[in-house]
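Colleague: I'd like to learn how to read a model like this one. Can we go through it feature by feature?

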Amino acid sequence: STTTIAGTLSFSRINNSSFTMVLGSMTVVRLGTFDMGTEASPIPTGIKASMILSYEAVPTVFFPLDIRDGGNFSVRGATKTPYSVVVSTDDLGTGENSMTLAQSVDVLGWQVGDVLTIGPGNAGSGVWGTATVEERNIVAPLNGDRVTLNANFSQIHYATWTIQVTNITRNALIRSSGTAVNGSGEYSGYVRSLTSNATSFFLKYGEFAYLGRGTPYLHGVTLDNSAGVSGGGTVSSCTFHDNLHGFYAYLVNNLDFSDNIIYRSRDVATALAFDNVNNSLVRNNHIVANGFDGITFSGPSTRIRVEGNRSYGNFGRGFYLGADDSTFFNNWSFSNGNTSAGFEMADAQDDFFVGNESYSNESNGFTLDNAASSNQGRNTFIGGGSYANIYGISLSRSLSNVVVDMRLCYSRTGES
């Protein structure tokens, strides 16, 4: 069946609600509205809203949720803090199944049944990539800042390395009806927006799972300006997990992408991709245990502020940067594998890096390589550090860079 939304499809705020597609697609046309919560009227705590898209084993058949220019796409679940950290005095041993967080779970809004990821906490152990991250469910009644999980930890996480914890459960959910994505025998549904008005693309406290196929711009959740119409939008405090790619933005201006979790994307590509994205904010996101690179800026993308992001436990590079005239402030890249760098700058120029940390990656902390450019870099690095990597900084065909007060050492505290 095929569904066209020319008016408003609104999910209940009073009862649990679900809309399931069966071998069909959904299209939001001009003046149509997909309403799974709004900022003024979110899906409240205790209520669940679900949109289940079709999947198909035939690669030429497409079953998307497609938002055309002039349509409106709004997902707003209950407020929940997306991430926390384990307190610095609580090492997590293999005989334990609980941990103490830096905030009370009541403040965080976390609940029994929520799915958590527990990040690396054993830098220099010789283990990199997705194996450094564990997934657990909250099982016991919550008590202050102490959380009890469904199984013991399978590795030691030392709290002195700042153990990152994310919560990937939301009560406003869009997913495929299957759990396989492209390349696994089935071809999952996907979400693509062509909206030109930034207020028409609003995602906050939503969950997006098992989406995507290999066709360009249909990777999972895509904000696509290939027709020259997309005007940005807001994506905040959402989770994108088990998709082909997590989130893909193409030829977009004025995007606010903040406080999101990108987890366990499946493709040998990039979990979070910004392709020709300009004048945008990418802030405080966690890019965790994905199938290849964590976050990529390409095109080049220009005039972006990239601040406070954590990219860790990925199979490939933590950050792959092809952005120009952009600012990178206080980002961390750690425990990424496949002989990949924490930060790799490929033909990036005129960028400003302040306070970025790269540690315990399987290759270099920072790699600068301007192989395809004649502009030769001109990047500035102030503060931050590279430690417990194979090499601190690798420079190849990159000139006129400035490095000031950066720590290049073995340990986090400065010992070499």
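Colleague: Is phenylalanine 381 buried or exposed?

Modeller: First, some ground rules. This is a predicted model, so local features need pLDDT of at least 70 and side-chain atom pairs count only at pLDDT 80 or more, while totals for chains, interfaces and linings use all residues. Residues are numbered from 1 along each chain as its sequence is written, and side-chain values use heavy atoms, with hydrogens and water left out. Now the cut-offs: buried means under 20% relative accessible area, exposed over 50%, and partly exposed in between, with a 1.4 Å probe and protein chains only. Phenylalanine 381 comes out at 3% relative accessibility, so it counts as buried.

Colleague: Which ring does phenylalanine 381 pair with, and how do I read an aromatic pair?

Modeller: A pair of aromatic rings is described by the distance of the centres and the angle of the planes. Here, rings of Phe, Tyr and Trp (its six-membered ring) pair if their centres lie within 6.5 Å; planes under 30 degrees apart are stacked, over 60 edge-to-face, and the rest tilted. The structure holds 23 aromatic pairs. Phenylalanine 381 goes with phenylalanine 353: the centres are 4.5 Å apart and the planes at 10°, so the pair is stacked. Phenylalanine 353 sits in strand S35 (residues 352–354) and phenylalanine 381 in strand S38 (residues 380–382), 28 residues apart, and the pair links these distant parts of the chain. Strands here are DSSP runs (E, at least two residues), numbered from the N terminus. Phenylalanine 353 is buried too, at 1%.

Colleague: What does a tilted pair look like here?

Modeller: Take phenylalanine 11 and phenylalanine 34: their ring centres are 5.5 Å apart and the planes at 55°, so they are tilted. Phenylalanine 11 is in the loop between strand S2 (8–10) and strand S3 (17–20), and phenylalanine 34 is in strand S5 (residues 33–36), so the pair ties together parts 23 residues apart in sequence. Phenylalanine 11 is buried at 5%, and phenylalanine 34 is buried at 0%.

Colleague: Which residues touch the most other members of the largest nonpolar core?

Modeller: A nonpolar core is a set of buried Ala, Val, Leu, Ile, Met, Phe, Trp, Tyr and Cys residues joined through side-chain atoms within 4.5 Å. The largest one has 57 residues, and Phe34, Phe73, Ile174 and Phe247 touch the most other members. A second, separate core has 16 residues, including Val86, Met99, Val105 and Ala159. Phe247 also belongs to an aromatic cluster with, among others, Phe240, Phe257, Phe353 and Phe381.

Colleague: Where does a charge sit over a ring?

Modeller: The test is NZ of Lys or CZ of Arg within 6 Å of the ring centre and within 35 degrees of the ring normal. Arginine 310 lies over the face of tryptophan 332, 4.0 Å from the ring centre. Arginine 317 has its charged end over the ring of tyrosine 320, 3.9 Å from the centre.

Colleague: What is the phi of leucine 23?

Modeller: Most residues other than glycine have a negative phi, and most peptide bonds are trans. Leucine 23 has a positive phi, near 50°. Leucine 23 lies in the loop between S3 and strand S4 (26–28), and is exposed at 51%. Arginine 264 also has a positive phi, about 55°; its loop runs between strand S24 (261–263) and strand S25 (270–275), and arginine 264 is partly exposed at 29%.

Colleague: How many strands form the open sheet, and which are at the edges?

Modeller: Strands of a sheet pair through backbone hydrogen bonds, either parallel or antiparallel. The criterion used is that DSSP finds at least two bridges between two strands. Twelve strands form the open sheet, in the order S3-S6-S15-S18-S21-S24-S27-S30-S33-S36-S39-S42, with parallel pairing. The edges are S3 and strand S42 (407–409), each pairing on one side only.

Colleague: What covers the faces of S6?

Modeller: In a regular strand the side chains alternate between the two faces of the sheet. In S6, Ala49, Met51 and Leu53 on one side and Ser50 and Ile52 on the other are all buried, and both faces are covered. Five of the five residues of S6 (residues 49–53) are buried, so the strand is largely enclosed by the rest of the structure. S6 pairs with S3 over four parallel bridges, and threonine 20 has isoleucine 52 as its bridge partner in S6. S6 also pairs with strand S15 (residues 172–176), in the parallel sense over five bridges, where serine 50 stands opposite leucine 173.
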